[in-house]
Amino acid sequence: MEDAEKGHTELYQKMMSLAGVTGGYHRDEIFDEVKRSDYLWCLHCGRTYRRGEYRYVDGFQMCPYENCDGSTVCDGIDWEDIRDDHPDYPENPERNTMYNL
Ligand SMILES: [Zn+2]
């Protein structure tokens, strides 16, 4: 495992233990965020997915797209926050489409 990747999962793990999370949708268990949309945008692959979706890898809830090492906890950004800077982006983003910041 690369150092960056390792630091990443350590941060995720730390957040889990601080929040005492043992199940559910980790992101929602860890953050008490204001949900502005039903979608999250992935910082690693630039694609979007429905809030609540994830790919389960070694106990972590990762970005649902294959081969993406972004997690739903550390790398997901509310789609509406992205749209603040890109009002031309659709309210309901296309699946598997990359949107640039
Ligand atoms: Zn991703």
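A residue counts as buried if 20 or more other C-beta atoms lie within 10 Å of its own, as exposed if 12 or fewer do, and as partly exposed in between, with the C-beta atoms placed from the backbone. The structure described here is a predicted model, in which local features need pLDDT of at least 70 and side-chain atom pairs count only at pLDDT 80 or more, while totals for chains, interfaces and linings use all residues. Residues are numbered from 1 along each chain as its sequence is written.

**Overall build**

- The chain has three helices and five strands, where helices (H or I, at least four residues) and strands (E, at least two) are DSSP runs numbered from the N terminus.
- Read from the N terminus, these elements follow the order α-α-β-β-β-β-β-α.
- The radius of gyration of the chain is 13 Å, close to the 13 Å that the globule rule gives for 101 residues, so the chain is as compact as a globular protein of that length; the radius is taken over C-alpha atoms, and the rule is 2.2 Å times the number of residues to the power 0.38.
- Along its principal axes, the C-alpha trace spans about 40 × 30 × 20 Å, and 24% of the 101 residues count as buried.
- Of the contacts in the chain with a separation of 6 or more, 52% come from residues 24 or more positions apart, a contact being two residues whose C-beta atoms, placed from the backbone, lie within 7 Å.

**The sheet**

- Three strands form an open sheet in the order β2-β1-β5, with antiparallel pairing; two strands are said to pair if DSSP finds at least two bridges between them.
- Because β2 (48–50) and β5 (76–78) stand at the edges, each with a single partner strand, one side of each is left without a neighbour in the sheet.
- From one strand to the next the twist averages 40 degrees, with axes being lines fitted to C-alpha atoms (for helices over the stretch in contact) and angles running from 0 to 180 degrees between N-to-C directions.
- Strand β1 (residues 39–42) is joined to β2 by three bridges, the two strands running antiparallel, and W41 has T48 as its bridge partner in β2.

**The nonpolar core**

- The largest nonpolar core has 10 residues, namely Y39, L40, W41, C42, Y49, Y54, M62, C63, W79 and I82; such a core is a set of buried Ala, Val, Leu, Ile, Met, Phe, Trp, Tyr and Cys residues joined through C-beta atoms within 7 Å.
- β1 and α3 each supply at least two residues of this core, and β1 gives the most, with four residues.
- Leaving aside neighbours within four places in sequence, M62 is in contact with Y54, R55, V57, G70, S71 and T72.

**Individual loop and tail residues**

- S37 lies in the loop between α2 (26–30) and β1 and is partly exposed, with 18 other C-beta atoms within 10 Å.
- Not counting residues up to four places away in sequence, S37 touches D78, W79 and E80, whereas S37 and N100, 63 residues apart in sequence, are 18 Å apart in space, C-alpha to C-alpha.
- N67, in the loop between β4 (60–62) and β5, has a phi near 70 degrees, a positive value in a residue other than glycine, and counts as exposed with 7 C-beta neighbours inside 10 Å.
- N96, in the segment after α3 (79–85), has a phi near 60 degrees, a positive value in a residue other than glycine, and is exposed, with 10 other C-beta atoms within 10 Å.
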